[in-house]
Amino acid sequence: MTSKFFNRAKKVSETERSKILPKLSKKQLGSLIPRRGNRIAPIVASAMLKASGWRTVGEIPDIPQAVVLALPHTSNVDGIYAIPSLFALDLKISIMGKHTLFKIPVLAQLMHWMGIVPIDRDNKGSVLQSSIDKFKTGEPLFLGLSPEGTRDYTEKWKTGFYYLAVGAGVPILPVAMDYNTKEIRFMSLVHPTGDIEADLPKIYAQYQGVIPRHPERLSQPLQDINNSAK
């Protein structure tokens with residue numbers, strides 16, 4: 001089953017790959033970056049990536065905290081390539097999960113290992129503050145968010161990620177998944193100024209030319225940035 005998904009991704013030549021971003025490896029990650037600390041997983045995950053023809057490129061600054069943007073996200077299949085890329089780097093990117101799931105001891109241990117952060121989604125007003133508080137502990141934390149909020153087409157991004165970064169005083173690390181070049185691409189940090197109208201275009205611009213699994217589902221901001229280049 002997995003091999004079929006691997007083969008469905010568009011094959012590209014080396015000359016079609018990213019022109020300027022270097023390949024990322026586990027050895028290049030600094031000591032401050034959140035790590036999983038697993039010896040076997042990176043070996044297995046690296047083999048999976050090699051078999052699929054995907055690679056991870058770019059640069060991850062040696063910082064302990066950041067809001068990580070995962071874009072574009074148009075298919076459940078994305079995880080088949082994205083998750084091994086993180087494990088291959090021994091990189092720990094946490095995501096939010098429903099707090100009630102953590103009431104089950106065995107499941108709670110698994111979710112903590114996976115990097116899932118408990119959040120009470122029913123209390124809308126507290127989600128942002130709870131996320132900010134997670135950063136305020138000072139513990140290493142890369143929190144992954146998908147501002148599109150859906151795998152289908154959307155006219156605009158959810159902006160909670162931006163106000164989270166501002167409130168926590170941490171940078172935003174854009175990450176792209178490009179099916180054309182078969183790359184998981186870590187791009188340049190954006191330090192939010194508090195002026196969202198000025199900062200969002202800086203983030204959009206980094207995704208110019210990125211092709212998702214389902215291009216017709218690409219969010220409108222990314223469609224606009226691609227059209228502006230034509």
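Which residue just after α2 takes a positive phi? That's Gly53, with a phi of about 85°. Keep in mind as you look around that this is a predicted model.

- The chain has a mean pLDDT of 84, and 78% of its residues reach 70 or more.
- Confidence is highest in β6, at 97, and lowest in helix α1 (residues 2-8), where the mean is 41.
- Over residues 1-18, pLDDT stays under 50. For that stretch the model has 29 contacts beyond four places in sequence.

**The sheet as a whole**

- Five strands make up an open sheet, and their order is β1-β7-β6-β2-β5. The pairing is mixed.
- The edges belong to β1 and β5, which have a single partner strand each, so one side of each is left without a neighbour in the sheet.
- From one strand to the next, the twist averages 25°.
- Helix α3 (residues 78-88) packs on this sheet and touches β1, β6 and β7. The direction of α3 makes about 55° with that of β7.

- β1 (residues 55-58) runs parallel to β7 (residues 183-186), and four bridges join the two.
- β5 and β2 (residues 65-71) run parallel, joined by five bridges. Along this pairing, Ala66 stands opposite Phe142, and Val68 has Gly144 as its bridge partner.

- How many of the seven residues of β6 are buried? Seven of the seven are, so β6 is largely enclosed by the rest of the structure.
- On one side of β6 you'll find Ile172, Pro174, Ala176 and Asp178.
- With β7, β6 pairs in the antiparallel sense over four bridges. Met177 has Ile184 as its bridge partner in β7.
- β6 and β7 form a hairpin, with four residues between them.

**Helix α2 and its two sides**

- The buried residues in α2 are Ala41, Pro42, Ala45, Leu49 and Ser52. They cover an arc of only 95° around the axis, which puts them on the same side of the helix.
- Here's a handy rule for patterns like this: an α-helix has 3.6 residues a turn, so residues three or four places apart point the same way.
- Ile40, Ile43, Lys50 and Ala51 lie on the other side of α2, and they are exposed.

- Some background first: most residues other than glycine have a negative phi, and most peptide bonds are trans.
- Leu71 and Pro72 are joined by a cis peptide bond, with omega about -20°. Pro72 is in the loop between β2 and α3.
- Asp90 isn't a glycine, yet it has a positive phi of about 60°. You'll find Asp90 in the loop between α3 and β3 (95-98).
- Is Asp90 buried or exposed? Its relative accessibility is 5%, so Asp90 counts as buried.
- Lys182 is another non-glycine with a positive phi, at about 55°. Lys182 sits in the turn of the β6 and β7 hairpin, and it is buried, with a relative accessible area of 6%.

Technical notes
Residues are numbered from 1 along each chain as its sequence is written. This is a predicted model: local features need pLDDT of at least 70, side-chain atom pairs count only at pLDDT 80 or more; totals for chains, interfaces and linings use all residues. Side-chain values use heavy atoms; hydrogens and water are left out. Buried means under 20% relative accessible area, exposed over 50%, partly exposed in between (1.4 Å probe, protein chains only). The arc is that of the directions from the helix axis to the C-beta atoms. Two strands pair if DSSP finds at least two bridges between them. Axes are lines fitted to C-alpha atoms, for helices over the stretch in contact, and angles run from 0 to 180 degrees between N-to-C directions. Contact means heavy atoms within 4.5 Å. pLDDT is the predictor's confidence in each residue, from 0 to 100.
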